[in-house]
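Hi,

Here is the model I said I would pass on.

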Amino acid sequence: MTENKELSPESLRKYFYEICAIPRPSNKEEKIIEYIIDFAVSHNLEYIKDSAGNIVIRKDASDGYENRPAVILQAHLDMVCQKNSGTVHDFEKDPIKTYIDGEWVKAQGTTLGADNGIGVAAVLAVLESRELLHSPVEALFTVDEETGMTGAFNLNPDALKGRIMINLDSEDEGEICIGCAGGLNSTLTFKYTPEPVTSGMKIYKISLTGLKGGHSGVDINLGRGNANKLMNRMLWTASREFGLRIADIEGGSLRNAIPRESFVTAAIPSDKEKQFLNLITEFGNVIKNELSSTEPDFSFKANPAESTFDHLIDIHTQEILLNAVYAVPDGVIRMIKDMPDIVETSTNLAVVKSDASKNIIEVLSLLRSSSDSAKTDLSNVFTGIADLCKCEVNHEGSYPGWKPDMDSRLLQVTQQVYKNLFNKRPDVKVIHAGLECGIIGSVFKGMDMVSVGPTIKFPHSPDEKLHIPSVRKFWDFLVETLKAV
């Protein structure tokens, strides 16, 4: 693993690369939990681990700071696991392979995990230091932030003593976040009857790859292609014009990542092969033209399948599925009226996947909104689609947004600290991504919170990268804030 000599301070750099070496997918954080506990034990720090896997480590105040209020530093332990086609990497076993590209830390063909590994590293560096000046510190490490925020949901109301919290999961240095959107998972489930492949059909493997993907909150307004939507456009046309039949489909992998790839095994009447392949070429050219400024690496291919399939999804279910995926909303729904640069409501058509063992196809979406009523309205859209299609719909995992508090005392302190350090005022932001602050604030009443972090671009995709100069500024800001609170 390449060590970045420019990432500073040294203690933060050390912990970040140690964390990169530890597999930590959501819901499989056992190794990173063990690492955090070992850290606490080796530094003689009090810690507790709850039934969900969250860890709280407590550090006493510096001399002279004992009577100041405790400050909570919060980060999540899991990471989004995404890799490029052709990249050989097992997220449950393999370390992230990092490298330096100019001013950026990147990973080789996978997500970097700076979201939120750099936040975890910063907290550990604070806990380790004997030189920093601070009031009592409570370090809160949560689990499963990326797929369900179940760690935050299951926090014990007695776990934290402090009521001042700095979340370290933001991704733009120079910004102080004071609010975020809430979210909801919606799943449409289609049951199908397997049908045999009739004679005179040729099996093809259709691949849509090369899209950038990205964070389904932060990047949803960038106009990037959605692999599930684009694949469905082609399938819908080929089904009607050439009698294409779907055997299986696998598009996208995570609700909170814009889908970059989609793969379909389909049967084509042999006498329609040439027209079908022409459609693939024509469709690929159309999409390249539509998305030329955002998706230069888009690729759409169809090749004869190497293995045979003995069943197809029945034609009635296929027709309903393709119409439903066409109808499911995706992308930005509405911007915030008083903050026209910020998305209020959006949805990400994240996964379309068949399961031959259960004879079902699931369509997974993540709905986000900073308006509870708009989130409810959007969920009703999915319920309406399900009613029309006679399929099942399930809404779960709802989490609240974080309402901004412009009168926050912590906000006033952090703004002044930033201005003193860098001779300019930070931007105060509300973001469309989901943070655990809304949930934590609902559990611990009266919590005064801000969220900060260094600059991370394209999280939740293999293009994720961490800006090296911003890390030092983030650290200096955090250190001075702890001193000032």
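Below is what turned up, grouped by topic.

First, the ground rules: this is a predicted model, where local features need pLDDT of at least 70 and side-chain atom pairs count only at pLDDT 80 or more, while totals for chains, interfaces and linings use all residues. Residues are numbered from 1 along each chain as its sequence is written, and side-chain values use heavy atoms, leaving out hydrogens and water.

Helices (H or I, at least four residues) and strands (E, at least two) are DSSP runs, numbered from the N terminus. Two strands count as paired if DSSP finds at least two bridges between them. On that basis there is an open sheet of four strands, in the order S4-S5-S25-S24, with antiparallel pairing. Its edge strands are S4 (98-101) and S24 (456-457), each pairing on one side only. S24 and S25 (residues 465-467) are joined by two bridges, and Ile456 sits opposite Leu466 in S25. Helix H1 (residues 10-20) packs on this sheet, touching S4, S5 (104-107) and S25; contact here means heavy atoms within 4.5 Å. The direction of H1 makes about 130° with that of S4, using axes that are lines fitted to C-alpha atoms (for helices, over the stretch in contact), with angles from 0 to 180 degrees between N-to-C directions.

Now the cysteines. A disulfide is a pair of cysteine sulfur atoms within 2.5 Å, and the whole structure has zero of them. The closest cysteine sulfur to that of Cys389 belongs to Cys391, at 5.3 Å, so it is too far for a bond. For Cys437, the nearest is that of Cys180, 6.3 Å away. Buried means under 20% relative accessible area, exposed over 50%, partly exposed in between (1.4 Å probe, protein chains only); Cys389 is buried at 14%, and Cys437 is buried at 0%.

The peptide bond from Ser8 to Pro9 is cis, with omega near 5°, and Pro9 is in the segment before H1. Another cis bond runs from Asp115 to Asn116, with omega near 10°; Asn116 is in helix H3 (residues 114-128).

Which loop holds Asp144? Asp144 is in the one between strand S6 (137-142) and helix H4 (150-153), and has a positive phi of about 55° although it is not a glycine. Met149 lies in the loop between S6 and H4, also with a positive phi, near 55°. Asp144 is buried at 4% relative accessible area, and Met149 is buried at 3%.

Cheers
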